[in-house]
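Here is a friendly walk through one protein and its ligand. Have a look at the sequence and the 3D view, then read on.

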Amino acid sequence: MSTAALIPESKLPALGTTIFTQMSALAQKHNAINLSQGFPDFDGPEYLRNRLAYHVSQGANQYAPMTGTAQLREAIAAKTEQIYGYAPDASTDITITAGATESLYIAITALVSKGDEVIAFDPSYDSYAPAVELAGGVMKRIQLQPPEFRVNWAEFADQITDRTRLVIINTPHNPSATVWRHSDVEQLWQSIADKHIFVLSDEVYEHICFAPEGHASVLRHPELRQRAIAVSSFGKTYHMTGWRVGYCVAPAIISAELRKVHQYLTFSVTTPVQLALADMLREAPEHWQELPAFYQAKRDRLAQGLANSRLKVLTGQGTYFLLVDYSEVSDLDDVAFCHWLTEHVGVAAIPMSVFCAAPFPHKLIRLCFAKQEATLDAAAERLCQL
Ligand SMILES: Cc1ncc(COP(=O)(O)O)c(C=O)c1O
């Protein structure tokens, strides 16, 4: 029998190369400024990099405990109490994972069984649906509409059935850059309080929030946090997306289940990186405290740079993304426009429709402003020529 005949039927037949990989490759080919994929073009804190070198040199190079080093879990517990007024138990409620991506995956795998329904809001981050599909779950997507991308809670209530097991939320929201209000979290709780439903809350941009109300974490809500898994990413907070460390906070009985998946997926996360992150959290809290102002200045710089262009900027309140409406510039659909923009204008962006299962006919693209000022200025100059 030929090897080709042995290839199993794909479990994710609809999945190809992601738009992020495609656009980054196209940006490289055309030497375009890459505002597509979400990663900084500057380095993380020097202190953190030095602490990693230190721990490697001190021989902290063997397996970390499965759930994460005690130092890092304890530092996270203290920080969570400081910012959200809730102290999770460092030994039972916090699990260190390979990026937020692994936290999302283990939570979905642990909680979703065959035929279970999972509600998510489109546009949605691309890792949720494949994990739900692999677990045998069924995605039920609620399409949010620009420019506000707000949840209609009556519509949400209509989507809940006896099979609904999980709701996935994300605030501050990639890609729309909108943020939830505390009242949204309360509405969510009221909708699921008497049902057997869990909440997976993707909060990787928790420190990149410019809303006057601040970040509406599920961890602030005394009842909802008993049903929730809150997911964070050190990659976002410390500009180190390549270090691949994130974590999740969930009640002990939920954590026990998702740790069973984590134990046989990655077992544990790189030891010296965890020790360096624990030092950083303890010794340099000003870094995350200054993050909103740091990123708001970048958002404002790009928005001001585009003020005289024919693009209409939708000023978001969080994440390091900015949405722009190009309807005055082109009739192309958003995917074709992003290709054209990369090839002819030299700026790579991400089309919004790729985050939606239903047709998304709006002329909106996403620009990443986690870039140096010179990069933002150069991109704005090119975009002003449109
Ligand atoms: C909304 C959202 N969730 C999760 C992730 C994944 O985070 P990490 O790089 O820590 O795996 C990202 C990264 O872009 C994201 O934007």
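## The model

Please keep in mind that this is a predicted model.

## Around the ligand

Let's start with the shell of 13 residues around the ligand. Those that come nearest are Thr 101, Asp 202, Tyr 205, Ser 233 and Lys 236. By type, the shell residues split into five nonpolar, five polar and three charged. Helix H5, which spans residues 99-111, supplies four residues, the largest share of the shell.

Tyr 205 places an N or O atom of its side chain 2.7 Å from an oxygen atom of the ligand. For Lys 236, a polar side-chain atom likewise lies 2.7 Å from an oxygen atom of the ligand. As for burial, the ligand exposes 400 Å² when taken alone, and the protein buries 93% of that.

## The buried side of helix H8

Now turn to helix H8, residues 182-192. Its buried residues are Asp 184, Val 185, Leu 188, Trp 189, Ser 191 and Ile 192. Why do these residues lie on the same side of H8? They do so because they cover an arc of only 165° around the axis.

What covers the buried residues of H8? The cover includes helix H7 (153-159), along with strand E5 (164-170) and strand E6 (198-202).

Methods:
Residues numbered from 1 in each chain as written. Predicted model: local features only at pLDDT ≥ 70, side-chain atom pairs only at ≥ 80, totals over all residues. Heavy atoms only, no water. Near = heavy atom within 4 Å. Polar contact = N/O pair within 3.5 Å; in protein donor to acceptor, adjacent residues only side chain to side chain. Areas by Shrake-Rupley, 256 points an atom, 1.4 Å probe, with all protein chains shown as cover. Helix = DSSP H or I, 4+ residues; strand = E, 2+ residues; numbered from the N terminus. Nonpolar A, V, L, I, M, F, W, Y, C, P; charged D, E, K, R; others polar. Buried < 20%, exposed > 50% of the residue type's maximum accessible area, 1.4 Å probe, protein only. Arc of directions from axis to C-beta. Contact = heavy atoms within 4.5 Å.
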